[in-house]
Structure formats: structure tokens, C-alpha cells
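I set down here what I looked up in this structure, entry by entry.

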Number of protein chains: 2
Amino acid sequence: MNGAESLLRSLIASGVTVCFGNPGTSEMHFVSALDSVSEMRCILGLHENVVTGAADGYARMAEKPACTLLHLGPGLSNGLANLHNARRASSAIVNIVGDHALSHAGIDAPLASDIIGIARPVSDWVYTSISARNVGADAARAVQAANRAPGSIATLILPADTAWNDADDIANPLPFASPIDVSHHTIERVAAQLRHASSPAILLRGNVLKDEGLIFAGRIAKHTGARLLCDTFAPRLQRGAGRVVVERLPYFAEQVLESLRGIDLLVLVGAKPPVSFFAYPEKSGWLTPEGCMLSVLSHSHENGCSALSALVEALGAGKDSFSVARLSLPEFSRSGALDARAVMQAVARHMPENAILADESVSSGFAHYGITASSVPHDYLNLTGGAIGSMMAVSIGAAVVCPDRKIITLVGDGSAMYTLQSLWTQAREKLNVTTVILANRGYKVLHNELIRVGAAQKGIKAHSMIELTDPQIDWVSLAHGMGIEAVRVELHAGFEDAFLSAMRHQGPRLIEAVIN
Amino acid sequence: MNGAESLLRSLIASGVTVCFGNPGTSEMHFVSALDSVSEMRCILGLHENVVTGAADGYARMAEKPACTLLHLGPGLSNGLANLHNARRASSAIVNIVGDHALSHAGIDAPLASDIIGIARPVSDWVYTSISARNVGADAARAVQAANRAPGSIATLILPADTAWNDADDIANPLPFASPIDVSHHTIERVAAQLRHASSPAILLRGNVLKDEGLIFAGRIAKHTGARLLCDTFAPRLQRGAGRVVVERLPYFAEQVLESLRGIDLLVLVGAKPPVSFFAYPEKSGWLTPEGCMLSVLSHSHENGCSALSALVEALGAGKDSFSVARLSLPEFSRSGALDARAVMQAVARHMPENAILADESVSSGFAHYGITASSVPHDYLNLTGGAIGSMMAVSIGAAVVCPDRKIITLVGDGSAMYTLQSLWTQAREKLNVTTVILANRGYKVLHNELIRVGAAQKGIKAHSMIELTDPQIDWVSLAHGMGIEAVRVELHAGFEDAFLSAMRHQGPRLIEAVIN
């Protein structure tokens with residue numbers, strides 16, 4: 001076997017069985033090897049941010065890494081923004097980046113670049129294979145690195161000769177470092193703090209936002225009166241009817257400050273202290289209220305669920321009941337011109353049980369997040385790193401992991417233009433994704449920001465840099481161009497009909513929801 | 001004035017008057033300042049590779065830098081691939097990359113990243129402004145750095161508070177380092193070598209491939225019998241009827257070796273020694289024939305035109321005639337199913353004088369480059385760095401510089417999917433660009449490469465990673481979705497009619513040319 005086959009078989013031995021890729025010449029041996037290795041599912045993306053975003057979505061739902069296959073420095077560069085988001089989501093990903101053969105390194109060919117330099121800002125682990133004999137072992141180490149709790153980005157650079165030369169083995173998987181258990185001392189400290197606080201809150205992030213952790217958190221909240229919070233951009237949250245309710249921190253700094261006012265203890269479980277997304281003149285970005293004690297129950301690499309479980313015991317709350325959301329669907333009128341609120345109302349009413357909402361609706365979503373809170377149980381995925389162009393690709397990965405669940409992507413038109421190639425992969429793989437474009441014809445979040453940063457009254461030129469009119473984007477045509485059924489709606493009734501139709505349909509759909 | 005206005009006015013004072021951008025919150029003061037500074041033309045791109053590719057095209061035609069406006073690390077990341085191409089084209093570009101305010105640096109907000117680390121692999125100069133009082137001077141230094149011969153990438157990172165705080169001046173432009181003249185000794189050495197060589201060739205790159213340099217080269221060729229060559233991917237070449245003919249080196253290594261066989265002297269003018277684009281097992285990437293002497297007349301930062309002029313004098317060739325191409329249009333039959341050859345024949349016959357051909361037709365273009373060689377005079381722009389998704393964006397910049405010339409983008413469907421958002425900017429700015437999609441429904445260059453690298457017979461999975469069928473991409477719908485008139489053609493006559501119509505039309509058009 002050659003290095004490429006050794007690499008592929010070693011990845012599979014370590015549990016990596018899906019490859020999202022866009023290969024080039026230097027990856028042709030890897031591509032060729034695919035047909036001799038049946039266990040690896042390969043999915044083509046027509047831009048690398050589709051590839052890396054899909055790997056992010058895969059990791060969030062599968063809780064294990066997929067690999068990506070990227071062509072040299074430019075291919076990696078194209079996927080960096082969604083690797084940034086993936087890293088902020090603590091998603092585990094193994095990037096395989098082809099490079100020129102080592103013999104080619106000295107001649108500065110047009111595609112040569114500093115791949116290690118490009119990889120480093122988004123990678124927790126970077127390594128260049130230097131021999132086909134070692135590439136299997138390198139793959140095992142890359143998977144081990146990616147699995148480091150809570151999930152890491154590992155980038156393995158694969159010179160072409162490392163793929164085409166002879167190799168002789170399949171590497172055994174290496175043990176993963178499990179999340180560390182929090183000390184008894186920490187549990188006791190937090191328990192005592194919670195007992196003495198008059199107005200405590202617990203900020204949760206990571207896999208504690210799934211059912212098991214939520215139930216522990218719910219018991220603690222019931223017992224101590226603590227509020228349960230999550231970040232604005234939690235990577236994944238399980239919510240809806242029958243689940244413990246977690247308040248999402250709002251987006252704008254002053255809203256967060258208002259929300260946290262009066263809290264005297266903030267317990268962090270896998271979360272960092274709340275900060276504002278952007279800086280503004282004369283405003284602090286540090287949002288923990290003055291006088292509030294910050295207390296870490298668990299860091300993101302520690303075992304938050306076991307810590308919450310131990311905290312339940314320490315508090316004697318093991319038999320306490322806990323509150324959950326009751327199914328409660330919002331009102332919805334069939335008449336009227338569409339707006340973001342009506343879109344979210346229809347989504348809340350008609351999404352199927354266990355739907356996965358992938359939210360990059362930005363300005364539209366900030367205001368109306370609560371509308372879906374008491375709908376049927378579902379998973380909620382957020383744009384974690386703020387680099388737009390993420391969630392249409394994340395939906396691909398989620399759909400690959402969960403073929404029996406409906407994925408609903410809520411995405412602003414500005415965001416959607418970034419990685420619209422995602423639609424082609426959704427069509428090719430017949431993924432069960434409904435994309436709702438919230439088409440407000442601009443980067444609406446920036447309208448608000450122009451005012452908020454104290455910038456002067458915007459004039460014609462400033463306006464032209466944040467508007468998507470002239471020409472207006474026709475999302476139905478764009479979707480058709482990539483093989484996706486689509487419809488444009490401008491009224492309440494039209495959206496409800498289109499959304500209901502999409503929910504009944506197995507496979508990809510797109511709805512252009514024109515909103516004000 | 002604030003820092004943003006100081007920056008803008010200083011850029012303008014240094015001759016930078018076009019800004020391609022996609023701003024975010026941290027750039028809102030810059031955007032706001034645009035309306036108080038009338039001299040800066042601002043052009044929005046809906047993905048940063050559109051922005052940086054447009055700046056590349058601008059630099060190639062204007063021979064001075066535009067600036068880009070990019071949002072934080074992810075915005076810069078999205079534009080890296082076309083900065084790689086621009087750097088390989090020696091294009092001068094000033095990137096302005098917003099960053100969080102310095103006060104925000106310590107809190108690790110979701111969009112925080114290592115911007116310097118991301119910038120470095122594609123930048124010749126990187127600097128972070130630390131005060132609004134200095135940002136004007138920093139801008140002047142960035143423009144100076146970008147103008148360093150033959151053209152460089154300068155990246156200025158602009159923390160948001162550097163934009164919003166008070167500034168007090170507009171910086172004066174700094175002197176640019178002109179290209180260095182080559183020494184008399186070098187001229188004499190090369191003249192002597194040319195006199196003694198039995199089979200010399202001259203490899204040209206940079207602005208010597210424009211009329212003035214070509215005439216000098218033509219005289220030298222006539223006098224010495226030297227062949228005139230350019231790289232496969234010369235950034236810009238002036239060619240066509242009435243111009244000195246330069247042979248383009250072919251793409252594949254064995255073709256280059258064949259082409260250079262028997263040469264005993266290779267004079268380099270702004271060019272590097274020829275190397276193969278990719279490495280292949282058992283093949284050398286170094287393509288200078290054994291026994292051939294390499295001789296540098298000028299490096300890329302030196303003045304190639306004056307060196308050629310001096311060489312003409314040293315050889316006593318100043319009054320020699322020189323050969324030029326005569327207008328000669330290829331045959332074209334109106335009947336038959338379309339292929340790449342027929343597309344190039346129609347382009348050669350019907351492109352208007354002074355057209356600009358921006359070529360990313362990859363596999364289609366390699367084979368048929370010669371067909372347009374004796375057409376009317378035109379400029380030919382190439383994909384310099386091999387990162388696909390370049391030339392549709394490059395065409396934007398070229399059209400901004402040359403509103404009275406027709407831009408013809410020849411692009412493969414695989415390439416076109418990378419930066420298809422370029423079409424929206426072409427529509428918005430009503431740019432005079434005709435895009436010809438050579439739709440062969442796959443990454444055809446990779447079909448060849450799978451065989452060439454000695455990879456095994458490709459099977460179903462390998463095939464699926466390089467084919468763009470299932471679903472088939474409908475380029476007419478995609479163009480319509482972004483406000484561009486478009487037509488699909490499958491026959492010789494249909495293409496000729498569509499192309500003639502586009503040539504008569506002022507403004508953007510797209511033709512989906514379905515080829516085998």
C-alpha cells in the first residue's frame with residue numbers, strides 16, 4: 001500500500017469515517033485510494049469553507065471528528081474562516097492538507113506557500129508528515145489531537161510524495177485523553193458559594209447543554225434558586241418542550257449588563273466570563289457585574305457533566321424536582337406581510353420533533369430567539385465565531401450525522417452569499433436540509449452598528465457598503481442553479497405553506513423569505 | 001477628524017483612490033468616513049476573495065495599488081487565496097484589516113484571532129496601527145511598501161479605536177523606491193553571452209511584456225536569433241496583431257522540457273528559472289535543460305525595460321527591424337457541437353481591439369492559447385498563483401481601471417463556482433465584463449492529473465470527487481440570481497451569436513458554453 005492508503009486506513013482505524021473535501025493535483029493519490037477503502041464516506045464541497053463548515057457541523061452532532069481534504073495553502077486559506085468558527089465551537093476536526101512533494105519544495109512553484117503559517121492561527125496541532133512510512137502514525141496522532149477535550153483542530157500536512165511512496169502499516173488508534181474530573185474541593189467550594197449567594201447564576205457551555213447536563217443543572221437551579229444561562233453563541237443547545245430552560249444571554253453589551261444586573265455569584269461551567277462581541281467607544285467589554293463573584297466549576301476541557309452531577313450530590317439536590325418547558329406554540333396569523341417574527345412563529349409551530357435549527361439569522365435571530373423556546377424538542381446550533389458564511393455548511397455536517405432529523409437553516413441573505421456553494425452539496429447528497437433565507441436585502445446588523453459605534457449619519461457611500469439592493473439577489477434562481485427546489489414568499493400565509501411543504505419533504509429545499 | 005478620516009485622506013494623498021471592501025462592525029468608522037471623503041471610490045464585494053481578486057486586477061492594469069477593506073481575521077482569511085495569486089502576480093495592494101479596539105484585546109471575544117499570523121504568509125509588509133495620531137503615517141508607509149518594485153502586498157491592521165479616536169493630520173506621501181537599473185557590467189555580460197550562444201532564449205516576466213519592453217526584446221531577438229518566451233502564467237502580456245510575438249511556455253513539465261530542448265543560454269528578465277507546476281513521481285521539477293546556461297539580466301525588482309534598452313544598445317541592434325504578429329483570424333465553422341477550440345476561435349474572431357482576456361479556463365485554455373495569438377491587439381491576464389477562483393474577481397478590478405475596454409473572462413465551471421459572487425459586483429457596478437463559462441461539468445484538469453500522478457484507475461468514489469454533475473450547475477440561473485443577463489449555448493452558431501451580442505453590449509453578460 002502507498003502512503004495515501006495507509007493514511008486513509010489509519011484514519012478509519014481511529015474512528016474517522018467521513019471526509020469532506022475539495023482536492024487538487026497534489027491530493028490525487030488520496031483520491032485514488034478512496035476506491036480501495038470502502039469505509040470512508042467522501043463528500044465534495046465546491047469551496048473549502050463548505051468543507052470546513054461541514055466538518056464543524058459533523059463534530060457538533062457526532063461528537064467525534066470528520067476529516068477534511070484541502071488542496072495546498074490556498075485550499076486551506078479558503079477554509080480558514082469556518083475553521084475559526086469550528087475552533088470557537090470546540091469542534092474536533094482533522095484537516096488533511098496536501099502539499100507539494102518534498103523534492104519540489106526548493107523550486108518555489110506558483111502554488112507553494114507557508115502552509116504551516118496559514119494553519120497555525122486556527123489549529124491546536126499542526127504537523128507535516130515527512131515519510132510515507134510514518135503517515136499512518138501521524139494520522140493516529142492527528143485524530144488523538146483533535147479529540148483532546150473539549151475538541152480541537154488538528155492539521156496534518158501531507159506532501160504528495162508522502163502519499164505516493166510505499167508504506168507498510170495501518171496505525172493503531174491512540175488513546176484519547178478523557179475530560180478531567182473536577183476535584184472534590186472545587187465541588188465543595190461551589191456548593192458553599194451557591195448556598196450563600198443571594199442571587200446566583202450558572203453559565204453553561206459545551207455538552208452540559210444536552211439533556212443529561214441540563215437535568216443536573218435543573219436540579220441545582222431548583223435547589224439554590226440559581227438562574228441558568230448560556231452564551232449568545234452556544235455551539236449546541238438542546239431545548240424545547242420537556243427540557244430544562246436555559247436563558248440565552250442577549251447579543252448587545254448593554255442588554256447583557258441589564259440581564260446580569262443584581263447577580264452576586266456567576267458559576268462558570270465550561271464557559272468563559274461573558275464579554276461583549278465588539279468594542280464600542282467609552283464602553284467596557286467585560287460584562288460581569290461589579291461585585292459579582294466569578295467561580296469556575298469546570299473549564300472547557302474538564303468534565304462538566306460529572307461536575308454538575310457531583311454538585312447535585314453535594315447540595316443534597318438529588319431528589320429535587322426540576323422545571324422544564326411546557327409545549328407552547330406561538331400565535332400565528334395567516335395574513336400580513338412577512339417579517340422575521342412571523343418567520344420564527346411559523347418555524348416554532350411547524351418544525352418537527354428533534355429538528356436541528358442552525359441559526360445564522362443574525363439581526364433577525366437576536367430579536368426572536370425566544371419564539372422557538374417552547375416548541376417541540378430540538379437542537380439549536382449557533383454561529384460560534386462570528387465569521388459569517390458558516391451555518392449553511394454546518395447544516396451539511398449535521399445532516400450527514402443525523403439523516404433522520406430535519407435540519408432547518410435560518411440564515412440572513414448577507415451571510416448566505418458567503419458560502420452559497422453549500423446548496424450544491426446539499427443537493428448532491430440529498431440532505432434533509434431546509435434553508436430559510438431571511439432576505440432583508442442588506443447587512444442589517446451593520447445598520448444598527450453604524451449608529452451604535454457613534455459613526456456619523458450615514459450617507460450614500462456608507463449606505464452602499466452595507467446594502468444588498470441594486471441588484472437584488474434572487475435566491476430562487478441561485479437555488480435552482482445548484483439543483484435545489486426553491487420558492488420566494490412575501491406574506492405570512494405563503495411562508496407557512498412553503499415551510500409546511502418543506503417539513504413534509506425529505507431532502508433539500510430553500511425558501512426565500514422576503515422580510516422588512 | 002478621527003483616525004478613519006485621517007487614514008482615508010492619507011491613502012488618497014498617496015494616490016490610492018479605489019477601495020474594494022466588505023466591512024463589518026469594527027470598520028464602521030471607516031465606512032462612515034467615506035461620505036466625507038469624496039475622492040475614494042468604494043466597491044462592495046459579497047465575499048472577500050472578490051475583494052482581494054479585484055484589487056489584484058486593478059493593480060495589474062493601473063500599475064498602482066487599490067486598497068481593500070476587510071473585517072478582522074476571518075475577513076482577511078476569506079481573501080487570502082486571491083492575495084496569494086496577487087503576490088504571485090507582483091500586484092501592489094494595500095489591505096486595511098479592521099481589528100477589535102485595543103481595549104478589547106484582553107477579553108478574547110468570539111471574533112478575536114491572530115490577524116498578524118493570518119496576514120504574514122501572503123504579505124510582504126504587516127503592521128498594526130497603535131494610535132489614531134499615527135494612522136495617517138501608517139497608511140503612507142503601507143502605500144510605500146505596496147509600491148516596492150515590482151509590487152508588494154502591504155497589510156495594515158486597524159484596531160477600531162484607532163479609527164474612532166481623534167487624529168490631527170493627513171500624512172504626506174512617501175517616496176517610492178523606483179526599480180533599480182541593472183549595472184553596465186551585467187548588460188555587457190549578457191550581450192557577450194548572447195553573441196556566443198548558438199541557441200539562446202530570453203524568458204520575460206513583468207512589465208517588459210508590454211509594448212515598450214516587447215519592442216526592445218523584438219530587436220534583440222532579431223539581432224541574436226534568441227527565442228522570446230514567457231511563463232505559462234504571466235500576470236499580464238500584451239499580444240496580438242502588430243506586437244512582438246512571445247512564446248508561452250506550456251503547462252506540463254514534459255512539454256516545457258520539449259520546448260526548451262537544445263537551448264544553450266536562457267536569459268532571465270524579471271523571471272525565475274522555469275519549474276513545473278506540480279511534482280510527479282520520478283520526474284524533476286527543475287526544467288532548465290542540462291548544459292543550458294542560466295543568466296540573469298534583471299531580477300523582478302530591477303528595471304527590466306531599461307535593461308533591455310541598454311542591451312539593444314550594447315548589441316548594436318538599435319536600428320534593427322523586428323518581427324510582429326500579423327492579423328490572422330482562425331477559421332470558424334457555424335455548425336457543430338461546441339468544444340473549447342470553437343469557443344477560442346469565436347473569441348479570437350470577434351473580440352474587440354484592446355480587449356482584456358482574463359483567463360482561468362485551465363484545461364480548456366492550456367490547449368488553445370495559440371488560437372487568439374494573432375487576433376486584434378489585446379491584454380492577456382493569467383491565473384498567476386494557481387489558486388482557482390481568481391479571474392472573475394480580477395476582471396472587476398481591470399474593468400474599474402479600463403471602463404472603455406471590453407473584459408472577457410474565460411473560466412472553467414469548477415473555477416467559477418469558487419468566487420461566483422463576483423457576478424453581483426459586476427452587475428452592481430455595470431462593469432463591461434463578458435464571462436464565458438467553459439462548462440465541462442468537472443474539474444477536468446484533475447482527470448488528467450489522476451492518470452499523470454500514476455494513481456490507479458479511478459473508481460466511482462474518486463470520480464465523484466472531481467465531477468460537477470449530479471446536480472448539474474445551471475449557470476444561467478446563477479447569473480440571473482445575481483442580476484446578470486445570461487444565455488446557455490451548446491452549438492458553434494449559438495456561441496458565436498451570444499458572443500457577438502455580448503461584444504456589442506456595454507455592461508456585464510454571461511455565456512454558459514457547454515463543452516465536451
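What covers the buried residues of α7(B)? I noted that the cover includes α1 (3-13), β4 (93-99), β5 (125-128), β6 (153-159) and α8 (160-164) of chain B. Contact here means heavy atoms within 4.5 Å. Helices (H or I, at least four residues) and strands (E, at least two) are DSSP runs, numbered from the N terminus.

On conventions, I recorded that this is a predicted model, in which local features need pLDDT of at least 70 and side-chain atom pairs count only at pLDDT 80 or more, while totals for chains, interfaces and linings use all residues. Residues are numbered from 1 along each chain as its sequence is written, chains are lettered from A and ligands numbered from 1 in the order in which they are written, and side-chain values use heavy atoms, with hydrogens and water left out.

I then returned to helix α7 of chain B, residues 135-146. Nine of its twelve residues are buried, so α7(B) is largely enclosed by the rest of the structure. Buried means under 20% relative accessible area (1.4 Å probe, protein chains only). Among the buried residues I listed Val135(B), Asp138(B), Val143(B) and Ala146(B).

Next I looked up the sheet of chain A. Five strands form an open sheet in the order β10-β8-β7-β11-β12, with parallel pairing; two strands pair if DSSP finds at least two bridges between them. β10 (247-248) and β12 (293-298) of chain A are at the edges with a single partner strand each, so one side of each has no neighbour in the sheet. I found five bridges between β11(A), residues 265-269, and β12(A). Val269(A) has Ser298(A) in β12(A) as its bridge partner.

Terms used:
Buried means under 20% relative accessible area, exposed over 50%, partly exposed in between (1.4 Å probe, protein chains only).
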